[in-house]
Amino acid sequence: MKKAVVMLTLVLSLAFTGCGSEAGEHARKTAEAVEENGQGTEEDKEDMIMSVHTEERSMAKTGEKGKSTEEKGTAVKGKSTEETAEKSKEDKEAEKPKLSDYTITAFKGEKAMYASSAVNVRKGPSTDFERIGGLGRGQEVTATGQADNGWYEIFYGEEKAYVSGKYLQDEKPAEPAPTPIPENNPQEAAATQAVTEVKNVSGVILVGDSRFVQMQANVGENSCTWIAESGKGYNWFNENAIARIDGCVGKGSKILINLGVNDPGNLNNYLELVNAKAAEWVGKGAKVYYASVNPVWDNPYVTEEQVQYFNSQMQNGLSGDVQWIDSHSYLNTIGYKLVDGLHFNAETYQNLYAYYMSCL
C-alpha cells in the first residue's frame, strides 16, 4: 500500500505540473478512482503514467502546430504589407510628371520674350511640376524652345525651366498708367511696382535670420543696425535679440522684424512676445514693423503652405502697435529668384531691401 501511495503521489505530481492542462485533469481523475477503489495493480499505475506522458506530448505537438501556423500567418501578412508598400511606391513614381511625356521643339535661335503679368516658373511644362520661382510683369527671359502644349522652355539662371505660353509674349508690355500714391499708405504704393531707388532711413533696426544675413551682404554700405543670425527663430529672438534691441532703441527708431521661416510652429509665441515688446518700444518713441515671411519652394525645412498660414495668422494677431509689411505679396508681384528653395539671389535681396526702406 505504501508503494501505491508513492506511485500515486508521483503521478499526481506529474499531472499537476500541467498547470490545469487536460493531461493533468485526466491523471487526477484516474488517481482519484484508484484511491477510491483502495487498490490498483502495478499495470494500472503504469497506465496512468503513460497516459500523462502521451497527453502531454499530444498537447505540446498541438501547441507547436498552432505556433507554426501563427508564424506562417505573420510572415504572409508581413510579405503582403511589404508588397503593398512597394506597389504604392511604384504607383507614386508613376504619377510623378516626367519631361519625357512632352515633346519640346527647340528654336533655331534663342529669342527674347517678356512676361505679360506675374507668373510662376516651373521645372516642367505644366502645373504638375515643381515651382522654382516667378517672373514679374515685363520681365525679360530667353526662350529656347516650346513644348507641344504651348509652354515655353526658358533659361532661368543657369538652368532650363518652363513658363506657361499664356503669360509670355514677344514684345515688352506697356508700362501701366501711374497709380496715385495714397497719402497715408506708402507701403501700398510701393507694392504696385518694383522700387528702383533706395532711400536712406535713419535709426533702422533690422531683426531676422539667414535671409537678413544674406541681405546685408548684398545691399552694400548702409546705416542700418542689423541684428540677424543664420538658422535662428523664436528662442534666439527671446533670449538674445530682444536684449540687443532694447540696448539701441529710442525715439525715432524703426524696428523691422522678419522671423518665422525657421520655426512657423512658434506662431503664438511670436505674437505674444512681439505684441508685448512693441508696446514698450512704442512707449519709447519707436515704430515697430513685422515683415511677412517671404516665399519658399521645395526644401526640407518649411513649405509654402506653412508660410502662408503663418503670415495670415500673424497679420491678424498683431496689435495696433505693429505695422504689417506684406513683402510676400510684393515679391510675387515683381518676381524673384530662389537659389536653394529658401534663400534668394542678390537682385531679389536688393529689391526687398529697397521695398522695406520705402515702407518705413
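Student: Why are H7 and H8 called roughly parallel to each other?

Tutor: Happy to walk through that one, keeping in mind that this is a predicted model. The axes of helix H7 (residues 267-283) and helix H8 (residues 304-317) cross at roughly 30 degrees. Angles under 35 degrees count as roughly parallel, so H7 and H8 are roughly parallel to each other. Their axes also come within 10 Å, and H7 passes H8 in a right-handed crossing.

Student: What makes the contact of H7 with H8, by class?

Tutor: On the H7 side there are Leu267, Tyr270, Leu271 and Asn275, and on the H8 side Tyr309, Phe310, Gln313, Met314 and Gly317. By class, that gives six nonpolar, three polar and no charged residues. Gly counts as polar in this scheme, and Tyr as nonpolar.

Student: Why is H5 called roughly perpendicular to H10?

Tutor: Helix H5 (residues 210-218) and helix H10 (residues 346-359) pack at an angle of about 95 degrees, with axes 9 Å apart. The range for roughly perpendicular is 65 to 115 degrees, which means H5 is roughly perpendicular to H10. Among the residues that meet there are Arg211 and Phe212 in H5 and Tyr349 and Tyr353 in H10. The contact of H5 with H10 has seven nonpolar, three polar and one charged residues.

Student: Which strands stand at the edges of the open sheet, and why?

Tutor: The order of the five strands is S9-S8-S10-S11-S12, with parallel pairing. Strand S9 (225-228) and strand S12 (322-325) each have a single partner strand, so one side of each lacks a neighbour in the sheet. From one strand to the next, the twist averages 20 degrees.

Student: How do you know that S8 and S10 pair?

Tutor: Pairing needs at least two bridges, and strand S8 (residues 204-208) is joined to strand S10 (residues 254-258) by five.

Student: What makes Asp170 and Lys111 a salt bridge?

Tutor: Their closest N and O atoms are 3.7 Å apart, and the cut-off is within 4 Å, so the pair qualifies as a salt bridge. The two residues lie in distant parts of the chain, 59 residues apart: Asp170 is in the loop between strand S7 (168-169) and helix H4 (186-191), while Lys111 is in strand S1 (residues 104-115). The search of the whole structure finds six salt bridges.

Key. Residues numbered from 1 in each chain as written. Predicted model: local features only at pLDDT ≥ 70, side-chain atom pairs only at ≥ 80, totals over all residues. Heavy atoms only, no water. Axes fitted to C-alpha atoms, helices over the stretch in contact; angles between N-to-C directions. Helix = DSSP H or I, 4+ residues; strand = E, 2+ residues; numbered from the N terminus. Parallel < 35°, antiparallel > 145°, perpendicular 65-115°, else oblique. Left-handed = near helix turned anticlockwise from the far one by under 90°. Contact = heavy atoms within 4.5 Å. Salt bridge = Lys/Arg side-chain N within 4 Å of Asp/Glu carboxyl O.
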